[in-house]
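Biologist: Please show me the model, and then we can go through it by question and answer.

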Amino acid sequence: HIIRDGRAVVNSIINVDWWQGWRGHTNWQRPELTKAQNNEWQKYNESFIALAAIEWKILMDAHEKAKENINNNNFLEIKYEDLCANPVNILKKTTEFCELDWSNKINKKLKKVKLNNTNNKYKNDLTKDQIEILENVLHRYLIKYGYK
């Protein structure tokens, strides 16, 4: 599982035309909002930023719940920014975790790859008010996952 800053995920989600949230939460491919989630969305005047942030929290909660049923020996979690900063080491670790062989050929190819960390792109793409909504909605999760 790759964990990424929720602010970056939300920024990415709202910049694709296939995101179902543009039609409102009653028309998307997620469970209905709980009363608390709906109240949170209403608190931010049905902001699409808030809705996308709530969606990320829903997905992360589902991930955490699923993780409870998986033996730690069968689960690897990496951070997106670590992968971008050091793809060779992270993919070598992933390959070893999957009990696959690592080769010099893979190593050579990966050394030519540059992954751009776009976690901070939201700072340029969103307004100050949108960032404030985003950080308010995600606050507890940003702390939990080490992004605050």
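Predicted model: local features only at pLDDT ≥ 70, side-chain atom pairs only at ≥ 80, totals over all residues.

Modeller: Residues are numbered from 1 along each chain as its sequence is written, and side-chain values use heavy atoms, with hydrogens and water left out.

Biologist: In what order do the elements of the chain run from the N terminus on?
Modeller: Helices (H or I, at least four residues) and strands (E, at least two) are DSSP runs, numbered from the N terminus. The chain has 8 helices and 2 strands. Their order is β-α-α-α-β-α-α-α-α-α.

Biologist: Which parts does the pair of Trp-56 and Tyr-141 tie together?
Modeller: Rings of Phe, Tyr and Trp (its six-membered ring) pair if their centres lie within 6.5 Å; planes under 30 degrees apart count as stacked, over 60 as edge-to-face and the rest as tilted. The structure holds 5 aromatic pairs, and one of them, Trp-56 with Tyr-141, is edge-to-face at 6.3 Å centre to centre and 65° between the planes. Since the two residues are 85 apart in sequence, the pair ties together helix H3 (residues 48-67) and helix H8 (residues 128-144).

Biologist: Is Trp-56 buried or exposed?
Modeller: Buried means under 20% relative accessible area, exposed over 50%, and partly exposed in between (1.4 Å probe, protein chains only). Tyr-141, at 6%, is buried. Trp-56 has a relative accessibility of 3%, so Trp-56 counts as buried.

Biologist: Over which ring does the charged end of Arg-4 sit?
Modeller: A charge sits over a ring if NZ of Lys or CZ of Arg is within 6 Å of the ring centre and within 35 degrees of the ring normal. Lys-79 lies over the face of Tyr-147, 4.2 Å from the ring centre. For Arg-4, the distance to the centre is 4.2 Å and the ring is that of Tyr-80.

Biologist: How far apart in space are Asn-119 and Arg-4, C-alpha to C-alpha?
Modeller: Asn-119 is found in the loop between helix H6 (104-111) and helix H7 (122-125), and its relative accessible area of 5% makes it buried. Contact means heavy atoms within 4.5 Å; beyond its neighbours within four places in sequence, Asn-119 is in contact with residues including Arg-4, Tyr-80 and Tyr-147. Asn-119 and Arg-4 are 115 residues apart in sequence, and their C-alpha atoms are separated by 7.6 Å.

Biologist: What is the phi of Asn-45?
Modeller: Asn-45 is found in the loop between helix H2 (35-43) and H3. With 68% relative accessibility, Asn-45 counts as exposed. Asn-45 is not a glycine, yet its phi is positive, at about 55°.

Biologist: Where is Glu-99 placed?
Modeller: Glu-99 has a phi near 60°, a positive value in a residue other than glycine. Glu-99 is exposed, with a relative accessible area of 73%. Its place is the loop between helix H5 (87-97) and H6.
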